[in-house]
Each structure stands twice: as C-alpha cells, then as structure tokens.
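Below are some comments on the model you sent. They are set out as numbered points.

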Amino acid sequence: MIFDPEFLLSALRIATPLMIVALGVLIAERAGVLFLGVEGVMLCGALFGILGAVYTGDPWMGMMCGLAAGVVAGLVSAALIVWIPTDQVVMGLAMNIAAIGVTSFIFRVTADDLQQMSPTIDWTVPAWATDNAVATFLFSVPPLAWLAIILYAVVWYVLFHSAPGLLLRSVGQSVKAANSAGLNVPWVRTVALAIAGGLSGLGGAALTVGWVRSFSDDITAGRGFIALAAVYFGRWYPRWTLFGCLLFGIGEALALRTQVLGGNPHLYLMIPYVLTVCVLAFAESGRAPREVGKPYEGR
Amino acid sequence: MKTPQISMRFDGFQLFSDIGIFVLSLLAAMLLVAGLVELIGGDALAALSAMVEGVVGSRQAIVETVIEATPTALCGLAFLIPFKAGFFNIGAQGHLQLGALAAVFVTTTFTLPAPLMIPLALVVSALAGMLLIAPSLVLKVKRGANEVTTTVMLNFVAIEFVLAMVTGPMQQPDSFFAESNLIPADYRLPVMVVHVGVFLAVAIIVAAGWILKHTVFGFRLDALGGNPSAAGALGMRTGATLAKAVLVAGAIGGIAGGIQALGVVFQVAEHWAKPWGFLGILAALMGRNPVGVIFAALLLAGLEIGGRNMQAMTGVPAALVFLLQSVPVLLLLAVRSTHFFKMMSLPGASR
Amino acid sequence: QDKIKAAVIFGVSNPASVNGWDRGHYQGVRKLIDGYGWDVTIAENVPFPLIAGTAENYAKAGYQVVVFTSSGQYKAWDQVAPNYPDTIFAMLSTTSTLPESQNVVAYEPDFFAYGIINGLIAAQSTQSNKIAGVAGLPVKAVEDMFSGIIEGAKAANPDVEFLHAISGDWTNIPRAREVTALQIQRGADVVLGNAGVGTRGILDASQSRKAKFIGYATDWAEDAPDIVLTSVILGIDGWYDALAKDVVAGKVEPKIHTFGAETFKVMPLNDKLLSAEQIAKIEDSVRRYQAGETTVPVVPHKFK
Amino acid sequence: MNAAIAGSEAVRLEGITKEFGPLKALDDVSLTLRFGEIHALVGENGAGKSTLMNVLYGILQPTFGRILFGGADVTPHWTTRKAIAHQVGMVHQHFSLVMEHSVLDNVIMPTFRWTDLAPKWNDCRKALGELTERFGFDLSPDKLVEKLSVGQRQQVEILKMLYQGAKILILDEPTAVLTPQQSERLLAMLVQLRDQGYAVVIITHKLEHALELADHITVLRGGRHIATVAKGESSVAEIARMMVSQEVKAAHRPSAAALGKVVLGMRDVSLNPAGVPLLDGIDLEVREGEILGVAGVAGNGQSELADVIIGLRQVTSGTIGIYGKELGSSSVEQRRRSGIAIIPEDRHTHAVVGEMDIASNFILGREGAPQFSRRGVLNRKAIAEFAQRCLGEFDVRARSVTTKIEYLSGGNQQKVVIGRELSAAPRLIIAHEPSRGLDFAATAYIRRRLVEAAEAGAGVLLISSDLDELMELSTSVVVLYSGRIVGKVNAGAYDPEHFGLLMAGAHVAASTAADVDIGGAAA
Ligand SMILES: Nc1ncnc2c1ncn2[C@@H]1O[C@H](COP(=O)(O)OP(=O)(O)OP(=O)(O)O)[C@@H](O)[C@H]1O
Ligand SMILES: Nc1ncnc2c1ncn2[C@@H]1O[C@H](COP(=O)(O)OP(=O)(O)OP(=O)(O)O)[C@@H](O)[C@H]1O
Ligand SMILES: [Mg+2]
Ligand SMILES: [Mg+2]
C-alpha cells in the first residue's frame with residue numbers, strides 16, 4: 001500500500017515544482033547571487049500561472065504566464081540586488097513578504113474568477129500502453145516532470161559543456177577573473193536572475209496549474225526554501241539537486257502515505273524534513289560558488 | 001558566504017540618515033497602499049487614518065505594538081548573534097515554536113511555587129531552542145553541512161512536532177480545535193502595563209548588545225565572522241566560540257517562544273505563532289545591532305498592528321498589511337545601500 | 001434609524017468568499033448586508049494572537065455585533081465579551097461553553113447529524129463500498145462529522161468502509177490533494193472533505209481520478225460539475241438569519257443554538273453520476289432521517 | 001593591428017589621471033610601450049603602478065587622458081574586452097583565476113563567446129597543449145587551479161594571456177610569490193618573449209631585476225611620473241632615490257657572538273598525516289638573539305614547520321620545546337601565551353581581519369590578555385591607547401586606529417601584524433615571508449624590526465624563499481628539502497650557488513631540478 005507505482009508518481013508530483021524552481025536557484029547561485037527571494041518569485045509564478053490558465057482556458061498558456069511573471073520578478077530582484085546593490089539576504093526575505101502581499105492582493109481582486117478549477121495538463125494513457133505496466137507508468141508521469149528532467153539535462157549541458165556555462169560559472173566563482181576576462185558582471189547576473197526568475201515562476205505555475213489546479217494565499221508554503229535547500233544539498237550540481245528534490249518528494253509522499261499505519265499524522269509529516277537533515281549528515285558537503293552573497297560593488 | 005559587516009557603532013550620521021530614509025520609505029509605502037485602496041474602490045483616507053489609529057490611537061494600541069514587537073526583536077537577536085560569526089540561523093521560528101511548547105508543557109504538567117515555576121519554564125524553553133539548533137551546529141562543524149538548509153528543515157520539524165503535540169498527547173480534552181491546555185493563571189507572566197516578558201526581552205537584548213560590544217566573546221565573534229582562518233591561526237578556539245554563539249541564539253529563540261506562551265497566548269495551538277522568526281531576520285538586518293533590532297522590531301510590529309486595524313476597520317484586503325511591512329523595508333535597504341550613503345557612513349573613507 | 005454595525009472575524013488566510021466553511025459565512029455576511037441592511041465589516045486572515053485585539057477594537061469603535069467564525073476564536077470571545085457589555089459577541093461555530101457574560105450567543109451545527117446525511121448519501125452512491133473523508137486537522141468538528149459519516153453509512157449499507165486521512169493543515173491544498181489521491185487509490189470512489197482551503201485539493205484529486213465528490217458546507221456543483229455528486233449545505237446563512245432576527249428583536253441571550261439535521265439541505269443529486277432510482281432512494285433515506293423517521297445512534301469515533 | 005615589428009610603438013598612454021574620490025591615484029602620467037621591449041614600472045607601495053596598468057587593461061576608466069593604439073584614440077568606452085581585442089594581456093598582482101576551475105577552463109574562458117553553445121573543447125585543449133609545451137610549463141590541463149602551487153598558478157595566468165593572443169603583456173609583481181629559481185625562469189622567459197617581438201611590462205619591487213632586464217624603466221611616485229630611463233642609464237641607488245623621499249636604512253644581521261640560551265628546540269620532529277611525510281626528522285635549535293634562516297623551495301615543509309611550532313598541527317612524532325619545556329599537544333592559544341609569535345606567510349588569510357579596525361587587529365589573538373581585558377570584559381581605553389602607541393612605534397600610515405584595516409595598503413597591514421607580534425615581547429618569532437609584496441622601504445623597515453627583536457633577546461626563525469633576505473639577516477641558515485633539513489650554513493660561508501644546489505635536492509638524489517614544484521604552498 002505504501003510502496004507502489006502510485007507512490008512514485010505522488011513523489012514525482014510533489015517534486016516537480018521543486019525541481020524546476022531548484023534549477024532556477026542553481027543558475028542564480030552559479031552566477032554568484034544568493035536567491036533567497038525565490039519563494040516570492042515562485043508565488044508570483046503560481047498566481048499568474050493560474051490566472052493565465054483560467055482566463056485563456058489553456059494550461060500551457062498558464063505556464064507561459066507563470067514563466068513571464070517569474071522573469072519580471074527576477075528582473076526586479078536583479079535591479080535590487082545586482083544594480084543597487086543591496087544585501088542579498090535582507091532583500092530576498094523582504095521580497096518574499098512583498099510577494100505574499102502582491103499575490104494575495106491580486107487574488108482578492110480575481111478570486112471570483114479563480115473559483116473554477118483550471119484545465120488539466122495530464123496525458124491520457126494511450127490504449128496500446130494500458131497492458132504494459134511500464135508504459136502505463138511512464139505515461140502517468142506528469143508531463144511537467146518530463147519537462148523538468150529535460151530542463152535538467154539542458155542546464156547540465158549548458159553549464160558544464162558550453163561557453164556561456166563556463167562564463168556564467170566564472171562570474172559566480174570569481175568576479176575578479178570575470179572582470180579580467182572582460183565580462184560584464186552585472187549584466188551576466190541580470191540575465192541569470194531573469195532565467196532563474198523564469199524557472200522559479202514556471203515552478204510556481206507547475207505547482208498551481210500543473211498540479212493542484214487552484215490557488216490560495218501563500219500556496220508555496222516554504223517550497224521555495226526547500227528548493228533552495230535542495231540546491232545546497234546538491235552541492236550546486238544539477239544531478240544532485242535533482243536528487244535532492246526527488247528525495248524530498250519521496251519523503252513527503254511517504255509522510256502522507258504512512259498515515260494509513262495509524263498514529264498521529266503530524267509525526268509522519270516530519271519525515272521529509274528529518275530525512276533531508278539525516279541525509280545531509282552523511283552527504284559530502286560542498287562549497288557555494290565563492291561570490292554568492294557578496295554584493296558586487298563595481299570596480 | 002561572506003558575512004556583511006554589521007557595524008557595532010551607532011554613529012550619528014548613520015542613525016539620522018536611517019531615520020530619514022525610513023520615514024520617507026514609510027510615506028512611500030503608505031502612498032502605495034492608499035493608491036491600491038482607491039483602486040479597489042475603498043476610502044484611502046479612512047484606511048490610512050485607521051492604520052495610524054491602530055498604532056498610536058490609544059495606550060492600548062501602543063501596549064499591543066510593544067508586545068507584538070517582543071518576539072520579533074528576540075528572534076532578531078537570535079539571528080544577529082550567530083550571523084556575526086558567519087552562521088546564518090534561519091531557524092528562529094522553530095526555536096520559538098519549540099520553546100513555547102516546552103514552557104506550556106512544564107507549566108501545565110508540574111506544580112511548583114510561581115516564583116520558581118516561571119524561571120524554570122523559561123529555562124526549559126531556552127533548552128528546547130538549544131536542542132533544536134544543536135543538529136545544525138553539529139552538522140555544520142563536523143560535516144560542513146550548510147546551516148541554511150538544516151535550520152530551514154528543522155523549522156518545519158518543530159512546527160509539525162508542535163501540531164503533533166496539540167492534536168495528540170498535549171491536546172486540551174474536549175477542545176474544539178487543536179490546542180493545548182491553558183497555562184494556569186499563577187504561572188503567567190505578571191503584567192506591569194505590559195507583561196514582564198517585555199522587560200526581560202529588553203534586558204536580554206541590551207545585555208547582548210553590551211556583550212557583543214564590550215567583551216572578549218563579542219570580539220572573537222567579530223574576528224570569526226570576519227576571517228575564520230585568521231581567528232583560528234591566532235589561537236581563538238573557533239569551534240567553541242561558534243558553538244556558544246549558536247547555542248545562545250537557540251536559547252534566545254526558545255525564550256522568545258517561552259515569553260510568548262507565558263505572557264501572551266498561554267498555550268500553543270494550531271497557527272498560534274505569527275512568522276516572528278522571519279520578521280526577526282528582517283529586524284536584525286535592518287537594525288544591524290541589538291539596539292537597532294529593538295527599533296526595527298517596533299516598526300515592523302507597528303506596521304502590523306496598524307495595518308491589521310486598517311484592514312479590520314475598513315475591510316480592505318489583508319494583503320495590504322504585508323505590503324505595508326515589506327515595501328518600507330525594501331525601500332529603506334535600497335536607499336541605504338546606494339553609493340552615496342555607503343560613502344557617507346564608511347569610517348575613514350574620505351581621506 | 002441607524003444601520004446596525006456588525007463585524008465578522010475570519011481566521012484562516014484567503015479571501016472569505018473562497019471555499020466551504022468561510023464561503024458559507026460569507027453568504028451569511030451578504031445576507032446581513034443585502035437582506036437586513038446592516039453595515040458589515042470583515043476582518044480577514046486575522047492571526048491567532050491578534051483576534052482578541054481585533055474584537056476589542058471593534059467593540060471600542062462602537063460595533064453592535066461582533067461575529068466569530070471559528071471555534072479557534074473562542075478564547076478571544078471568552079476574554080473580550082465580558083468587558084464590552086454593549087456589544088453582542090456571537091460565535092457562529094461549534095462550541096460547548098459560553099463566556100460568563102450576558103451579551104453572548106452561539107449558533108452551531110450538529111456535525112454528527114451533518115456527517116450522517118453525508119454518510120447516507122455516500123454509502124448509497126459507492127460502487128466499491130469504500131468512501132473517503134479528508135480533513136485538515138483531527139479536531140472535534142471533524143471527529144463528529146466523520147463519526148456521523150461512519151454511522152450514517154453503516155445505517156444505509158453495513159458493508160461500506162470509511163477511509164480517512166488528515167492533510168495536517170487547513171490551508172495546504174497540495175497535501176490535501178495527495179492524501180485524497182491515496183484514498184482513491186485505496187479504492188474509495190466517493191470522497192468528502194472538510195479541509196478548509198485544502199478542500200480544493202480534495203476536489204482536484206477526485207476530478208483527476210473520476211471519483212464522486214460530495215461538497216462541504218456550500219454548493220460546489222459549479223466548481224466541478226462532472227464529479228460533484230451533490231453538496232450538503234450546512235446552512236450557515238441560516239445562522240446569520242437567526243442572529244439578525246434575535247438582534248433586531250433584542251432577544252439575544254447567552255445560549256447555544258444548535259442547528260440539527262432538519263436545517264441541512266441536500267443539493268439535487270447529479271443525474272449523470274447516479275440512476276434515477278438511486279437518486280430517489282437516497283433522497284428518500286435522507287428525507288426520512290431529517291424528518292426523524294429513522295434514528296442513527298450517536299457513536300463517537302477517534303481519528304488519530 | 002600592425003604586425004609586431006620590434007621597436008615599433010605598441011601603445012601610448014597620454015596624460016592619464018585617475019581619481020578615486022578625493023584621492024588622485026594617478027596624476028598626468030604618460031608612457032609609451034614598444035614591441036620587442038621590456039618596460040619596468042617601479043615605485044613604492046601605492047605609487048599607482050597597478051592602477052596605471054588597470055587603466056591600460058580596461059579594468060579602470062581614466063578620469064582624464066588618452067590611450068592610443070597606432071595613434072588612434074581608443075579611450076572612450078575602453079573596456080577589458082576591447083583591451084583583449086587590442087592584444088593586451090595582464091597578469092594581476094593578486095591572481096584573477098577561478099580556483100575551482102581547471103587550468104583549461106581558466107585559460108580558454110576569456111576567449112569564449114556567449115553564443116557558442118558547442119565550443120570545440122578538443123581544439124582548445126590541443127592549442128593549450130602546444131602553448132604549454134612551447135614554454136616548457138609542466139601543467140596538466142584538467143588539474144584544478146586550487147590544487148596548483150603558486151608558481152604554477154602564475155604559469156596559468158601567463159598562458160591565459162598568451163592564449164588570448166596578447167602581444168602586449170603586463171605582469172604586476174610577478175616575482176613576489178616566486179622562489180629564486182622560479183623567478184629566474186620567469187625572467188628568462190620574459191626575455192624570450194621580448195625577443196619574439198612582444199611588448200612586456202613588468203611591475204616589480206626588485207630594482208635589480210628591473211635594471212637587469214628592462215629596456216626602459218619608469219619610476220612612479222605618489223601617482224606622478226618621475227622619470228623614464230633607458231637601459232644602462234641609471235643605477236639602483238639612483239632609481240631608489242627617485243622612488244622615495246627619505247633615505248632608507250639597511251638592516252644588519254645580529255652578531256653571532258651574542259647568542260644566549262636555546263629558545264626553540266626541535267628533536268626529530270616528523271609530520272606525516274595519512275602516510276605522507278611532510279616533515280621528516282627535523283632537528284633544530286634557535287637561540288636567544290639568533291635569526292635562524294630556513295631556506296628552501298616553497299612547499300618543502302616550510303608551512304608545516306611553522307604550523308607544528310605554533311600548534312595548528314600536531315606532530316606525528318618527536319618533540320618541540322621552548323626553553324626546554326615541551327609543548328606537547330598544547331593549543332595555539334597556550335603557545336602564543338608562552339611567548340611564540342608568528343608572522344604568517346599569507347596575512348590576508350591568517351593574520352588580519354579586514355573588516356575589523358586597526359586597533360582590533362593590533363590585539364587579535366591577545367584579546368584575552370590581562371592587559372586588554374579583565375574577566376572577559378574588554379578594556380576599550382587600554383586597547384585604544386595601546387593601538388595608538390603601536391601605530392606610532394611601528395610606523396603604520398593610517399588616519400586613525402578606528403580605520404578598518406582592509407583600507408590600508410599591504411605594507412601597512414604587514415606593519416600592523418609585525419607590531420602586534422613584536423609588542424608582545426615574544427621569546428620566539430616565526431617570521432614567514434615577512435616582506436613579500438612590500439616595497440623596499442617597507443621591506444627594510446620590517447627587516448630592521450626583526451633584527452632589533454633578536455638583539456633584544458628573542459629567537460627568530462626566518463622562513464623565506466628570498467635568499468638575499470636570508471643571507472642579509474640570518475646568523476645561520478638551514479635548507480629544507482622534502483620536509484628534511486639537508487644542510488646548515490653559517491654566516492660567512494654563504495654561497496648562493498651552494499644554496500641553490502641544496503634547495504634543489506641535488507645531493508639527495510640524482511633527480512633533475514628542472515621541474516621545480518612548490519606544491520604545498522597552494523593548499
Ligand atoms: N579601488 C580603489 N579605490 C580607492 N582607492 C584606490 C583604489 N585602488 C587603488 N587606490 C589607491 O590608489 C593608489 C595607488 O594604488 P595602486 O594599487 O595602483 O598602487 P601600487 O603602486 O600598485 O602599489 P603596490 O606596490 O602596493 O602594488 C593607492 O593610494 C590606493 O590607495
Ligand atoms: N574601497 C576602497 N576605498 C579606499 N581605498 C581602497 C579601497 N580598496 C582598496 N583601497 C586601497 O587600494 C590600495 C591597494 O589595494 P590592494 O588590496 O591591492 O593592496 P596592496 O597595497 O596591493 O596590498 P598587498 O601588498 O597585500 O597586495 C590599498 O592601499 C588600499 O588602501
Ligand atoms: Mg600594485
Ligand atoms: Mg601590493
């Protein structure tokens with residue numbers, strides 16, 4: 001009852017938004033920016049995603065709206081923490097609170113329209129596949145989970161096998177080296193934050209449009225922070241980050257399922273968090289890109 | 001991560017410029033809120049006056065603001081102290097939850113004379129906070145695990161644990177929702193205009209400020225935060241210094257919860273705590289030193305109380321409260337970080 | 001004559017007009033405004049520690065009626081009501097005790113009876129003989145409701161098994177969704193829920209797995225016409241009616257008014273999900289229970 | 001761009017002025033660089049040498065003045081990217097490498113374009129391989145830079161520059177971190193490059209190097225251009241006079257006759273964590289009034305030697321005693337209190353806290369001493385007075401003791417470190433590369449203080465890769481090779497050649513001394 005294909009699917013559904021958001025965080029941090037505002041950006045993506053899906057009637061349009069909202073929020077972050085620049089910790093936390101305010105304000109204005117569930121984006125299992133357990137499982141994996149996995153492959157390739165990836169990582173590790181190579185650090189970080197914001201927004205939309213098909217105040221409930229933790233857990237490498245998100249998804253799916261064993265559900269609900277801490281205790285620790293958290297003061 | 005420097009000096013220029021910028025940011029935020037209220041067809045003037053009324057309208061309002069600021073300020077301190085040593089403690093919310101739970105547990109389970117019980121309960125909440133932060137400390141020192149990750153995770157653990165207790169062994173029998181028993185009247189913090197927890201908190205913060213500024217321990221924290229390898233090479237016991245700072249932070253976070261339980265809510269329950277832990281981080285980074293934290297916490301609490309009153313009295317969306325809290329902070333930090341203000345407040349920069 | 005000024009305090013986040021319990025209250029608020037011409041202000045998303053202060057501010061500002069919408073607010077009720085004798089403090093939620101004061105009144109549903117009606121419907125609509133209930137936290141109202149469901153279902157069909165799950169929170173839609181999916185996977189084909197904002201997650205899980213959904217508190221048919229079997233209306237607006245009438249008539253007294261089975265209303269059953277004779281049978285059993293022709297024993301169950 | 005014809009003008013800087021707020025770091029400086037020439041830039045710390053070259057490399061924008069390539073003014077919007085396009089390359093004083101990246105990544109990164117999604121890694125690797133071979137570097141392209149020794153890192157910097165196709169090469173204090181042998185090799189390479197038609201700029205504090213190599217020497221002082229002299233036109237003394245305003249007193253080694261009791265005694269000390277012998281049977285003694293030099297190519301156990309004495313690492317076997325008292329496993333703090341002072345190799349990481357003020361840095365590590373605190377409470381007044389006194393006594397040039405130390409120049413930071421360590425009246429001073437990166441005035445000052453400390457009765461262990469320094473100051477010198485002492489030479493018998501052989505381990509094995517590696521210093 002607890003471990004079966006449905007369990008894995010549940011874990012995947014839980015992990016999918018985290019995976020996409022964590023990818024955004026990864027890119028921002030690789031460019032040397034501490035992206036604590038990710039929670040707020042994700043929340044904006046979640047709201048605009050559902051708005052787009054409900055008003056256009058097309059969930060993919062909703063995803064695009066979430067992405068666009070994320071890009072805008074990412075650019076706002078860039079204006080504040082790259083161009084001014086302010087302290088990345090405070091700004092991130094303040095932006096999270098502001099995002100709760102902005103999204104719930106817009107939600108008040110649009111609440112009546114948002115009463116309908118947004119359309120689904122699941123695939124139906126084709127007839128030929130219904131007999132084959134593996135095929136059925138693969139078709140039951142949410143499309144966005146596939147998208148996330150593809151995105152990981154893409155980001156992994158770009159970061160570690162292409163020129164822009166090397167340049168981006170150099171900016172994150174040493175602004176001195178980047179300057180000496182003639183890179184424009186603020187612009188690189190602006191673009192990185194736009195992409196990071198876009199992915200975080202997309203992840204937010206994956207939560208609302210792709211998963212629960214509705215919105216509520218502060219629906220992300222700390223998922224942005226968990227994505228951040230997954231990146232730290234993953235030592236700033238895509239595949240370990242992916243693994244961190246999946247691990248968390250598995251932990252939470254487990255927490256929800258172990259309830260059937262009886263006992264107080266809240267004790268089970270601690271599983272994903274305790275699991276993460278325990279794994280950290282045994283995991284090799286990594287080092288953040290050197291420039292993360294330091295404001296770029298020009299030269 | 002490099003620790004941004006938190007200046008311990010309270011020099012005149014910085015203070016006045018901070019106040020100036022803050023007032024301007026506040027005005028800007030209020031204008032924004034007024035605009036939004038008009039946008040949804042409300043009465044902006046009524047809203048803003050309700051807000052001001054809510055903070056300074058009465059003695060009661062002021063008292064409420066002070067009480068509301070207390071946990072924020074303590075949580076701010078719980079962030080600030082290890083932050084000086086380069087440790088990002090995002091876990092104050094969890095310490096507070098567990099500290100309150102511990103205080104409630106002790107006071108609702110045992111009987112003792114009140115003058116013994118209240119300090120005991122506070123000590124136990126401090127221990128609870130330390131217990132929760134200990135894994136982050138150990139993992140950081142022994143395994144190099146990033147403390148942001150672990151403290152965030154332990155927050156969630158604490159919240160779920162409190163919920164498990166208030167829906168389980170500690171639930172008030174026959175209660176209609178998830179809540180613990182009430183702390184007996186004898187064991188509540190005495191009230192002198194405000195409950196004495198407020199004075200205790202101020203005492204803790206002032207003492208912490210003094211310790212950070214005037215003691216060897218504070219000096220070592222600065223050195224550790226500024227350059228851990230130099231601190232080690234020069235013979236400071238870095239592990240022990242960090243451990244002290246981190247455990248003290250846990251204890252302060254726990255006490256924040258204990259004070260809140262013993263002085264304000266008298267129980268723990270589902271959703272009993274506001275995000276004081278997170279507001280505390282804001283207060284710490286706005287205030288930059290323990291005394292500054294008090295003022296920052298008062299401002300955040302004032303905006304909260306005022307904003308709530310505005311919401312309740314005029315029916316405008318509660319979302320505006322969050323905007324009221326965050327927009328001035330954003331503006332304040334943005335302006336304070338601009339080049340001009342940096343140059344002005346750097347010691348020895350203009351030569 | 002001046003308008004009566006009333007204030008309604010909501011505790012959970014989200015707009016008051018959204019979702020089951022709060023939506024029921026919101027309908028009541030509309031009734032006070034539109035039907036009785038009252039001047040009503042809403043305090044929304046008031047955090048637990050600030051409820052007493054908010055109520056107090058209303059009393060001081062001269063509001064004649066302050067309404068608490070959730071059991072979790074009873075402490076503020078207890079604390080504030082005695083100090084402001086000129087204001088009426090009404091609890092429109094489950095309670096068993098009243099503050100020591102003359103200016104208080106409570107209107108509450110009989111959640112056990114409410115559960116029985118839900119149980120009767122669910123037990124006669126299930127094909128798998130498994131029905132599921134999902135709640136935010138295992139609080140008293142939920143335990144009453146779930147116990148009622150078990151007993152009601154047993155009365156209609158002794159083979160029916162009731163599966164229950166707790167999402168752990170009144171606002172967490174994703175978790176509510178996943179625990180519901182699990183119950184459906186375990187075989188439930190009729191789902192009911194009382195998970196606050198999270199109820200939308202229950203609806204979503206039911207819709208994506210084609211399970212039948214019975215709406216909680218207010219009518220959910222519009223939210224998902226294809227799977228909503230019916231909704232059992234709690235009739236919260238009726239409590240506001242009663243409150244308004246009592247206030248206007250000056251007849252408010254410290255009393256708990258309990259609204260029982262006869263006040264709950266079952267929305268027309270979805271004829272795309274059930275055959276005509278099934279519908280007739282269900283409607284008949286509910287009618288007979290509401291009329292007191294059948295009795296169901298009160299048996300409390302525990303859910304943690 | 002023109003082909004690099006030897007003697008043709010490569011670039012001309014005209015009337016460059018650079019202001020940092022109220023400070024004029026450069027004031028109307030002009031300079032012409034030619035292909036096929038080495039141009040040396042000399043001047044005190046803070047004279048503006050790095051600033052001038054940063055302007056040329058596009059890191060800084062000049063406030064006034066022009067940059068001319070072949071007579072064309074390129075000054076407006078002059079950026080590093082453009083400088084690179086104009087074949088300018090620069091090795092910074094503090095390296096600008098990405099420590100976490102491989103050699104290959106570091107070298108090719110500046111040539112990459114943002115649009116290149118599938119770079120030809122193999123071609124890059126091959127090109128790099130050819131370059132490394134051509135210059136006889138011993139670098140594996142996939143090794144992480146953080147794992148390299150300082151000398152190898154510098155090779156990476158040079159490769160980076162050459163890989164970009166630079167024809168105008170700027171090297172900012174390239175020899176400061178190198179051993180004598182490495183310096184020799186580097187300088188030889190610069191000559192080779194000059195002969196191939198490159199324009200080379202070298203910033204250095206070693207005037208002998210400048211005189212020996214450079215076709216032209218430009219002297220800067222206080223941001224102003226003092227003179228440009230051609231090869232053979234001037235002497236060390238003359239240039240030194242141009243650089244500084246006051247006379248510099250040279251240090252003299254303490255006399256060997258006045259040696260007192262044994263301060264430091266090491267018996268058969270070994271350190272081999274995980275089986276790697278970093279120190280191997282070290283026996284040495286330092287007496288009161290003695291300066292014992294430790295020579296050796298960096299990475300042969302010098303850092304470890306300092307670490308075991310100060311207590312940052314525990315010995316695997318053997319004993320270390322101070323005045324005959326064994327240190328055992330006592331902590332760093334205890335050892336410092338018992339009178340051991342240390343001037344670490346790398347002040348940025350091991351000696352100062354940049355964000356703290358000068359006063360705090362003067363008492364760092366001694367904050368618990370009764371002089372500065374009582375029962376854990378700092379005596380601010382005593383600290384300020386002490387710092388003020390030290391500021392004067394050790395000639396630290398700063399506005400006040402409340403200035404953050406990171407705003408001081410390297411020489412002044414080093415003086416704070418020296419002041420802190422010497423003012424504690426230490427019995428044993430471990431001075432590790434005490435004058436690295438400092439101009440000769442500051443260097444001479446610091447050396448003099450060390451000699452004075454020895455004359456006052458302290459024992460000094462002077463670890464240095466600068467043979468001149470060792471020969472000038474030490475009463476005797478031991479040579480470290482592979483963690484072992486391979487020779488001891490007393491003052492009077494000094495012979496650089498002999499040292500060179502010992503340091504290369506010539507007598508130990510018949511291995512070639514060609515791949516001089518200085519591994520450990522990197523970690
Ligand atoms: N970014 C900066 N901001 C302010 N002042 C600066 C900056 N960079 C350099 N300066 C100042 O400019 C002057 C020249 O500095 P520069 O680094 O060019 O000296 P230098 O000749 O290279 O010295 P050194 O021998 O120590 O390397 C110094 O007085 C320094 O304080
Ligand atoms: N932000 C700043 N404001 C004012 N002066 C600065 C600033 N940054 C650097 N400086 C000055 O720039 C000069 C050069 O800085 P740098 O760090 O290169 O020191 P340095 O003298 O080269 O030391 P080192 O020998 O350790 O390399 C210093 O004299 C310092 O005073
Ligand atoms: Mg320089
Ligand atoms: Mg220098």
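Predicted model: local features only at pLDDT ≥ 70, side-chain atom pairs only at ≥ 80, totals over all residues.

The points that follow cover chain contacts, a metal site and one threonine.

1. Five pairs of chains touch, and the pair with the most contacts is A and B. Chain C and chain D do not touch, their nearest C-alpha atoms being 38 Å apart.

2. The interface of chain D with chain B involves 30 residues of chain D and 28 residues of chain B. About 2,600 Å² is buried between the two chains, with 58% of it on carbon and sulfur atoms. On the chain D side, the residues that lose the most area to chain B are D:E355, D:E367 and D:Y407, which together make up 22% of what that side buries.

3. There are two salt bridges between chain D and chain B. One pairs D:E367 with B:R220, and the closest N and O atoms there are 2.6 Å apart. On the side of chain D that touches chain B, at least two residues each come from α10 (332-337), α11 (347-350), α12 (358-363), β18 (377-378) and α14 (410-422). That side of chain D comprises 12 nonpolar, nine polar and nine charged residues.

4. Which residues coordinate the magnesium ion (ligand 3)? The donors are OG of D:S50 and OE1 of D:Q93, at 1.9 to 2.2 Å. D:S50 belongs to helix α1 (residues 49-56) of chain D, while D:Q93 sits in the loop between β6 (88-91) and α3 (103-108), so the pair ties together parts that are 43 residues apart in sequence.

5. D:Q93 also coordinates the magnesium ion (ligand 4), which is 4.3 Å from the magnesium ion (ligand 3).

6. Is C:T126 buried or exposed? C:T126 is buried, because its relative accessible area is 10% and the cut-off for buried is under 20%. C:T126 is placed in the loop between α4 (111-125) and β6 (130-135) of chain C.

7. The side chain of C:T126 has two polar partners to note. A polar atom of this side chain lies 2.9 Å from the backbone nitrogen of C:N129, and a polar contact of 2.6 Å joins it to the side chain of C:D189. Apart from neighbours within four places in sequence, C:T126 is in contact with C:I131, C:V160, C:D189 and C:V190.

Methods:
Residues numbered from 1 in each chain as written. Chains lettered and ligands numbered in written order. Heavy atoms only, no water. Contact = heavy atoms within 4.5 Å. Buried area = accessible area lost by both parts, 1.4 Å probe. Salt bridge = Lys/Arg side-chain N within 4 Å of Asp/Glu carboxyl O. Helix = DSSP H or I, 4+ residues; strand = E, 2+ residues; numbered from the N terminus. Nonpolar A, V, L, I, M, F, W, Y, C, P; charged D, E, K, R; others polar. Donors = N, O, S within 2.8 Å, 3.2 Å for Na, K, Ca; no water. Buried < 20%, exposed > 50% of the residue type's maximum accessible area, 1.4 Å probe, protein only. Polar contact = N/O pair within 3.5 Å; in protein donor to acceptor, adjacent residues only side chain to side chain.
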